[in-house]
Amino acid sequence: FTISPREIIYRAPGDDSVQRYIMEFSCGEPFVEAEMEFVALYVRGQSFLLHQIRKMIGLVMAIAQGYTSEEAIERAWKPERMDVPRAPALGLFLSRVGEFFNLFGINRGFIFE
């Protein structure tokens, strides 16, 4: 009996286990540091899927840089598989783990900046 990593990780789009809730998403003013432009993003949610935040930001970066159109956001909501670029992990960090809250009785909130 062998289970491949893909079988363990993959979940169908309609599977309840892949549903996530974002309670707050805000964006600070852009700033320049060491000749590079940055922006602080604040995301508060129930929990996050692997690379979820990096893919959300990566898609917005691809639109802003003209690699794809805004219609890609609408396509991303559909159940069909879509390749989405990931934003670099550099600069992304877990700011704090929030308090327990009772959305489903056992989930915790996480805050990424």
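Me: Which residues form a nonpolar patch on the surface?
Reply: Phe31, Met36 and Phe38 do, and together they have about 290 Å² of accessible area. Keep in mind as we go that this is a predicted model.

Me: Ok, and where does Met36 sit?
Reply: Met36 is in strand S3, which covers residues 36-38.

Me: What about Ala34, where is that one?
Reply: Ala34 is in the loop between strand S2 (31-33) and S3. Its backbone has a positive phi of about 50°, although Ala34 is not a glycine.

Me: Why mention the glycine bit?
Reply: Because most residues other than glycine have a negative phi.

Me: Which other residue in that loop has a positive phi?
Reply: Glu35, with a phi of about 60°, and it isn't a glycine either. Glu35 is in the loop between S2 and S3 too.

Me: Are those two buried or exposed?
Reply: Ala34 is exposed, with a relative accessible area of 65%. Glu35 is exposed as well, at 81%. Exposed means over 50%, so both values pass the cut-off.

Me: New topic: what makes up the largest nonpolar core?
Reply: Six residues: Leu41, Val43, Phe48, Ile53, Ile57 and Ala87.

Me: And which elements give two or more residues to this core?
Reply: Strand S4 (41-45) and H2.

Me: Speaking of H2, is Gln52 buried or exposed?
Reply: Gln52, which is in helix H2, is buried, with a relative accessible area of 17%. The cut-off for buried is under 20%, so Gln52 counts.

Me: What does Gln52 touch?
Reply: Leaving out residues up to four places away in sequence, Gln52 touches Arg20, Ile22 and Ser47.

Me: Are Arg81 and Asp83 buried or exposed?
Reply: Arg81 is exposed, and Asp83 is too.

Me: Last one: where is Glu70?
Reply: Glu70 is in the loop between helix H2 (52-64) and helix H3 (71-76). Glu70 is exposed, with a relative accessible area of 64%.

Me: And how many residues apart are Glu70 and Leu59?
Reply: They are 11 residues apart in sequence, and 9.2 Å apart in space from C-alpha to C-alpha.

Terms used
Residues are numbered from 1 along each chain as its sequence is written. This is a predicted model: local features need pLDDT of at least 70, side-chain atom pairs count only at pLDDT 80 or more; totals for chains, interfaces and linings use all residues. Side-chain values use heavy atoms; hydrogens and water are left out. Helices (H or I, at least four residues) and strands (E, at least two) are DSSP runs, numbered from the N terminus. Buried means under 20% relative accessible area, exposed over 50%, partly exposed in between (1.4 Å probe, protein chains only). Contact means heavy atoms within 4.5 Å. Patches are made of residues with over 30% relative accessible area and no salt bridge: like charges are joined within 9 Å, nonpolar side chains (Val, Leu, Ile, Met, Phe, Trp, Tyr) within 5 Å. Accessible areas come from the Shrake-Rupley method with a 1.4 Å probe; for residues, only the protein chains shown count as cover. A salt bridge is a side-chain nitrogen of Lys or Arg within 4 Å of a carboxyl oxygen of Asp or Glu. A nonpolar core is a set of buried Ala, Val, Leu, Ile, Met, Phe, Trp, Tyr and Cys residues joined through side-chain atoms within 4.5 Å.
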